[in-house]
Amino acid sequence: AAFNNHMEAFFKDVKMRTFSFEFTLSPRNPDEAQTIQQIVKMLKYASHPAQYRGAGGIFFAYPQVFDIEIFNEDQTHKIQTSALTQMSTKYGGASQNHTFYDNHPVETTINLTFTELQILDKDRIDQGF
């Protein structure tokens with residue numbers, strides 16, 4: 001038997017980085033409740049494609065993309081331009097859908113997952129990503 005000092009590994013692929021954020025929003029008045037409702041609608045809208053008819057049939061237009069900035073990104077890392085690839089919304093609180101007298105939820109929790117649109121490489125890491 002001979003010792004083999006040659007190590008081999010197969011490089012398969014590079015995964016796109018994802019980032020998840022959770023926000024719990026509790027309105028203090030009806031105006032804030034409506035603002036939260038608008039935020040949820042805007043995020044849903046931005047994360048889905050549009051449809052349009054063309055000569056060859058129905059086509060999809062890309063969803064919107066996001067440029068995310070974190071307040072301490074100089075000490076942690078930057079996030080490249082990303083797409084909102086997953087979103088969930090929970091209304092009402094811990095276990096039930098509790099509402100105010102006007103049927104707005106007393107609490108809304110939004111979970112967002114963003115996926116970067118570029119592959120992370122050493123050059124991008126040197127730039128702070």
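**Entry 1**

I looked up Asp-13 and found it partly exposed, at 38% relative accessibility. I use buried for under 20% relative accessible area, exposed for over 50% and partly exposed for what lies in between, with a 1.4 Å probe and protein chains only. I note that this is a predicted model, in which local features need pLDDT of at least 70 and side-chain atom pairs count only at pLDDT 80 or more, while totals for chains, interfaces and linings use all residues. Residues are numbered from 1 along each chain as its sequence is written, and side-chain values use heavy atoms, with hydrogens and water left out.

The side chain of Asp-13 forms a salt bridge with that of Lys-15, at 3.3 Å from N to O. The term requires a side-chain nitrogen of Lys or Arg within 4 Å of a carboxyl oxygen of Asp or Glu. Lys-15 is exposed, with 63% relative accessibility.

**Entry 2. The other salt bridges**

Helices (H or I, at least four residues) and strands (E, at least two) are taken as DSSP runs and numbered from the N terminus. Glu-116 is buried, at 1% relative accessibility.

I also recorded the salt bridge between the side chains of Glu-32 and Arg-28, at 2.6 Å from N to O. Arg-28 is exposed at 71% relative accessible area, whereas Glu-32 is partly exposed at 24%.

**Entry 3. Surroundings of Glu-32**

I placed Glu-32 in helix H1, residues 30–46. Leaving aside residues up to four places away in sequence, Glu-32 touches Ser-26 and Pro-27; contact means heavy atoms within 4.5 Å. I then took the C-alpha to C-alpha distance from Glu-32 to His-104, which is 10.0 Å across a sequence separation of 72 residues.

**Entry 4. The sheet**

I traced an open sheet of 4 strands in the order S1-S6-S5-S4, with antiparallel pairing. S1 and strand S4 (65–66) are the edge strands, each pairing on one side only. Two strands pair if DSSP finds at least two bridges between them.

S1 and S6 are joined by 8 antiparallel bridges. Within S6, Thr-115 is the bridge partner of Thr-18, and Asn-111 stands opposite Glu-22. Strand S5 (residues 82–91) runs antiparallel to S6, with 9 bridges between the two. Lys-90 has Thr-109 in S6 as its bridge partner.

Why is S6 largely enclosed by the rest of the structure? I found that 8 of the 9 residues of this strand (residues 108–116) are buried, so S6 is largely enclosed.

I checked the helix against the sheet: H1 lies across S1, S4, S5 and S6, and runs at about 140 degrees to S5. The axes are lines fitted to C-alpha atoms, for helices over the stretch in contact, and angles run from 0 to 180 degrees between N-to-C directions.

**Entry 5. A nonpolar surface patch**

I located a nonpolar patch on the surface formed by Phe-11, Val-14, Met-16 and Ile-119, with about 400 Å² of accessible area together. Patches consist of residues with over 30% relative accessible area and no salt bridge, where like charges are joined within 9 Å and nonpolar side chains (Val, Leu, Ile, Met, Phe, Trp, Tyr) within 5 Å. Accessible areas come from the Shrake-Rupley method with a 1.4 Å probe, and for residues only the protein chains shown count as cover. Met-16 lies in the segment before strand S1 (18–25) and is partly exposed, at 36% relative accessible area.
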